[in-house]
Amino acid sequence: MQLVNKILLVSLLLVVLPLVLYYYFFPTFRDLFFEQKEITPFSRYAERNILSQEFHLVAPDHLKYNQPSIVSGRTDVVTVTPWLAPVVWEGTFDPVLFDSIYKQKNITIAATVFAVGKYIMFLKEFLETAEKHFFVGFRVHVFVFTDRPNELPQVKMAAGRQLTAYPVPSSKRWQEISARRMEFIQELIEKELHKYADYIFCLDVDSRFHSRWGTESLGGLVAVVHPGYYRADRSEFPYERRPESRAYVAPGEGDFYYCGGAFGGLLQEVHQLAKTCHSNFKADATDGIEAAWQEESHLNRYMWINKPSKVLSPEYLWQDFKNINPEVKIIRFSGVIKNYAAIRPNV
Ligand SMILES: *[C@@H]1O[C@H](CO)[C@@H](O)[C@H](O)[C@H]1NC(C)=O
C-alpha cells in the first residue's frame with residue numbers, strides 16, 4: 001500500500017513539475033495565464049510611426065535659406081550638451097527651414113497651463129501673446145487646468161488653434177496645486193491627447209510670449225535651463241538635497257538647473273516624465289517629505305537621469321524682473337512680475 005502511494009506521488013511530481021517549469025519559463029504562456037496584457041494609450045503611434053516624426057526630417061526641394069557653417073556661428077555660448085543634445089539659442093537655427101520641415105509632418109502641438117484661483121488673471125495675456133508667437137501657423141490645442149472654467153477669457157484664435165478648459169478642484173495651498181500638476185498632465189495625456197497630439201509643452205500661465213517659440217523647440221524630451229542659475233556653479237542649484245526624497249540630487253551631480261515652468265517634448269516622453277514625477281511625489285508625501293521646489297525638484301531629478309534630447313536656452317523662460325545678459329539676444333517667453341501675496345492662497 002505504501003509503495004503504491006510512493007509511486008503515485010513520484011509520477012505526479014514527474015508530470016506536474018515540468019508543467020510548472022514550462023509555464024514559468026515561457027513568457028507567452030506565462031502572460032496568457034498570469035498577467036494581463038498592458039493596454040497602452042499610444043497605439044496611434046504605431047500607425048503614424050512617431051519615430052520618423054522625430055528623426056526623419058524631410059525638407060521641401062528648392063527651399064532657399066542661408067548656407068550653414070560648421071566653423072562660424074555663436075561663440076559666446078555653448079550650443080551642445082556633453083551628451084550632444086542641441087542647446088537652442090538665437091542664431092543656432094533657421095526658422096524658415098524648421099517650419100518647412102515640420103509643416104509637412106502635419107503635427108498637432110498641445111500646450112497645458114494651470115490657472116487655478118487668481119492665476120486665471122494671467123490667462124488672457126498668455127493666450128493673446130501665444131497667438132502672436134507660439135507655433136504660429138501650426139495646429140495648437142491649449143488646455144487650461146482651472147477651478148474657474150466659466151471665467152475663461154475671450155481670445156480670438158487663428159484657424160486650427162483652440163482652447164479647452166479642464167476642470168480641477170481648487171486648493172488652499174499653492175504647493176498642493178503645484179504638486180498635482182504632473183498628475184493632471186498624465187491624466188490629460190491618457191484620456192485625451194493620445195488621440196491626436198504629437199507634442200506637448202507644459203507652461204506657466206503667469207508668463208507672456210515676446211518673440212518666436214516655434215518648431216526649433218521640438219524634440220523627444222525638451223527642458224529649459226532656468227534663467228536664474230544658468231551661469232551658476234552646480235553647488236548653488238536649489239536641487240532637493242535630502243537623500244530621503246525621491247527628488248534627491250547628490251552634491252557634485254546635476255547638469256543644469258531646469259525650469260519647472262516650461263518643459264515638453266513628444267507625447268509619450270512627457271507622459272513618462274509626468275507619471276514618474278507624480279508617483280515619486282506621492283511616495284515622498286507618504287514618507288512625509290515635500291521636495292524643496294515641489295514638482296520642479298522632481299523634474300530636475302528626472303532630467304538628470306533621463307537626459308533631455310533638446311535643451312532650450314533661458315531665452316525660452318526669462319523673468320521680467322531680471323536684467324538681460326549680453327548672450328541673451330532675444331526674450332521669447334518670460335515670467336511676469338507678480339505680487340505673490342495677492343495671487344496665492346497662502347504665502
Ligand atoms: C492633418 O491632421 C489633421 C488632424 O490630425 C487631419 O484631420 C488631416 O486630415 C491631416 N492632413 C493630412 C494632409 O494628412
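**Figure 1. Ala115 and Val116 in the loop between strand S2 and helix H6.** In this predicted model, Ala115 sits in the loop between strand S2 (108-114) and H6, and Val116 is placed in the loop between S2 and H6 as well; helices (H or I, at least four residues) and strands (E, at least two) are DSSP runs, numbered from the N terminus. Ala115 counts as buried because its relative accessibility is 0%, and Val116, at 7% relative accessibility, also counts as buried, where buried means under 20% relative accessible area, exposed over 50%, and partly exposed in between (1.4 Å probe, protein chains only). Apart from neighbours within four places in sequence, Ala115 is in contact with Ile120, Val144, Phe145, Thr146, Asp147 and Val205, contact meaning heavy atoms within 4.5 Å. Val116, not counting residues up to four places away in sequence, touches Phe145, Thr146, Asp147, Val168, Ser170 and Ile177. Residues are numbered from 1 along each chain as its sequence is written. Because the model is predicted, local features need pLDDT of at least 70 and side-chain atom pairs count only at pLDDT 80 or more, while totals for chains, interfaces and linings use all residues, and side-chain values use heavy atoms, with hydrogens and water left out.

**Figure 2. The residues under the UniProt annotation "binding site".** According to the unreviewed UniProt entry, the annotation "binding site" covers Phe114, Ala115, Val116, Tyr119, Asp204, Val205 and Asp206; UniProt positions are given in the numbering used here, feature names are shortened, and annotations may be inferred rather than shown by experiment. These residues span 93 residues in sequence, yet no two of their C-alpha atoms are more than 11.3 Å apart, so they gather at one spot. Of these residues, Phe114 is included in the lining of the largest cavity, a cavity being, on a 1 Å grid over the protein atoms alone, a set of points where a 1.4 Å probe fits but cannot get out, with lining residues having an atom within 4 Å of a point.

**Figure 3. Helix H6 and its cover.** The buried residues of helix H6 are Leu123, Phe126, Leu127, Thr129, Ala130, Glu131 and His133, and what covers them includes S2, strand S3 (139-146), strand S4 (161-167), strand S5 (199-203), S6 and S11. Thr129 lies in helix H6 and is buried, with a relative accessible area of 10%. Leaving aside neighbours within four places in sequence, Thr129 is in contact with Phe134, Arg208 and Phe209. Thr129 and Phe333 are 204 residues apart in sequence, and their C-alpha atoms are 9.4 Å apart in space. After H6 comes Phe135, whose phi is positive, near 50°.

Figure 4. An open sheet of mixed pairing is formed by 3 strands in the order S6-S11-S10, two strands being paired if DSSP finds at least two bridges between them. Strand S6 (207-209) and strand S10 (318-319) are the edge strands, each of which pairs on one side only. S6 and strand S11 (residues 333-335) run antiparallel and are joined by 3 bridges, with Arg208 standing opposite Ser334 in S11. Helix H6 (residues 123-133) lies across S6 and S11 and runs at about 25° to S6; axes are lines fitted to C-alpha atoms, for helices over the stretch in contact, and angles run from 0 to 180 degrees between N-to-C directions.

How values were computed:
On a 1 Å grid over the protein atoms alone, a cavity is a set of points where a 1.4 Å probe fits but cannot get out, and a pocket is an open set with protein on both sides within 12 Å along at least five of seven lines; lining residues have an atom within 4 Å of a point.
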